[in-house]
Amino acid sequence: MDYDGLIINYKWRGQQTLTQDERDHQLKQGVALDLNSQRIADDLSVIRLTSGYMELVDKYYQFKGVLTSVMLSVFILSTWVVFRFWGGIIKGIVIHGFSNDAFYYISGFIFGGVFFIFLLLSLCLLKKESFARTHYPIRFDRKNQLVHVFSLEGEIYSVKWNNIFFTTGDFSTRKHTKRKDYDIRGHILDQDGKTVLKTFGLAASASNHVALHRYWEFIRRYMDEGPGVVADIIKLCPPVEKKREGIFFGYWYALTVYYGAPLVVMPIMMVLALIAWPGRVFAMYTSRRPFWTPEVEAACVIDPNDPFDMSAADNPKSIALWMLGMDKSHRCIDKMRARKMKTLESKN
């Protein structure tokens, strides 16, 4: 789970320049990467794909609810402990007076104070996922060669595709295993070409730089070569365009990270996902939906006859059956074409 940039925002870069590591692993527009016969990957992040633009979810959407589940548990426990100790202290002082057992009152107050700090901390972290936004979309506007970003702060900004410095960033280091994890970041640079002004992350994380190339190539090929070279791999679109995801969809989507795993381990994964599921529902239904500005929407009008207009309308009929490997042949593009063919036949 990658919470870098969410719990603690991407490190403050006041007048900070690009690092050498970021320069060494730059992902360049217009430059194809060698995937060694591997297919490009969409990481089930496409909200909508059209000939003019492609909209993606953010990197926190996949595991949304896990942090909320943990922080809700800590908040409830801390609240109970604080009321239990501080309430007992106040009651004891009122009835018996402070001098009756001063040591008990002081130690109880300190112990309750520790959990009061946990209460405040859990509430602060809870608001990182809940009472925020259901997701933070990124729209790759191929028609106008722009990238529209809905930031964590609620700011919406647009940047030219070729002016963004993309790279694989190091977001955490595991000291005991010396393992690093990486994500794909887009840096908005100052006019000097090295000072970072803004940063946004894409919906992919991995244990090495190369593993991220499949996702980068998916985006780069769409922007540089068109929807025809990426459309056939899309099998599921999060149904969050101008609405919240369904309650049950959230459970199955959280399981998609285990898609393709042996069926024997799926029951264990399903139980683990079930534990975090209430937190995901809480986070989604206490958060506001993101909406683009009229200017962004005006720049991304969909052609009624667009041959590559895919969305959640083209998802598998049953997410559960697809997740369990019982609908392996499904592709959004096949369903989209069948849907359009059916519409044409009905008109004739």
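User: Starting with aspartate 314, does it count as buried or exposed?

Analyst: Aspartate 314 counts as buried, since its relative accessibility is 0%, and the model it comes from is a predicted one.

User: OK, and which residue forms a salt bridge with aspartate 314?

Analyst: The partner is arginine 339, and the closest N and O atoms of the two residues are 2.9 Å apart. Arginine 339 belongs to helix 9 (residues 332-347), while aspartate 314 is in the loop between helix 7 and helix 8 (319-323), so this pair ties together parts that are 25 residues apart in sequence. Arginine 339 is itself partly exposed, at a relative accessible area of 34%.

User: Which residues in helix 9 are buried?

Analyst: Cys332, Ile333 and Met336 are buried in helix 9.

User: How many residues has helix 9, and how far does it reach?

Analyst: Helix 9 has 16 residues, and the distance from its first C-alpha to its last is 23 Å, which is close to the 22 Å expected at 1.5 Å a residue.

User: Back to charges: how many salt bridges does a search of the whole structure find?

Analyst: The search finds 16 salt bridges in the whole structure. One of them joins arginine 220 to aspartate 224, with the closest N and O atoms 3.2 Å apart. Both residues lie in helix 4 (residues 213-225), four residues apart, which is about one turn of the helix.

User: And arginine 220, buried or exposed?

Analyst: Arginine 220 counts as buried, at 2% relative accessibility, whereas aspartate 224 is partly exposed, with a relative accessible area of 30%.

User: What about lysine 242, which side chain does it meet in a salt bridge?

Analyst: Lysine 242 meets the side chain of glutamate 297, at 3.9 Å from N to O. Lysine 242 is in the loop between helix 4 and helix 5 (247-254), and glutamate 297 is in helix 7 (residues 294-299), so the pair ties together parts that are 55 residues apart in sequence. As for accessibility, lysine 242 is exposed, with a relative accessible area of 51%, and glutamate 297 counts as partly exposed at 25%.

User: How do the residues of the lining of the largest cavity divide into nonpolar, polar and charged?

Analyst: There are seven charged, five nonpolar and two polar residues in the lining of the largest cavity.

User: And what volume has the second largest cavity?

Analyst: The second largest cavity has a volume of about 60 Å³. Its lining residues include Leu6, Asp58, Tyr60, Lys64, Lys128 and Glu129. The lining of the second largest cavity divides into five charged, four nonpolar and two polar residues.

Key:
Residues numbered from 1 in each chain as written. Predicted model: local features only at pLDDT ≥ 70, side-chain atom pairs only at ≥ 80, totals over all residues. Heavy atoms only, no water. Salt bridge = Lys/Arg side-chain N within 4 Å of Asp/Glu carboxyl O. Helix = DSSP H or I, 4+ residues; strand = E, 2+ residues; numbered from the N terminus. Buried < 20%, exposed > 50% of the residue type's maximum accessible area, 1.4 Å probe, protein only. Expected span 1.5 Å × (residues − 1). Nonpolar A, V, L, I, M, F, W, Y, C, P; charged D, E, K, R; others polar. 1 Å grid on protein atoms, 1.4 Å probe; cavity = no way out; pocket = protein on both sides within 12 Å on 5 of 7 lines; lining within 4 Å. Points joined across faces, edges and corners; volume = space filled by probe spheres on them.
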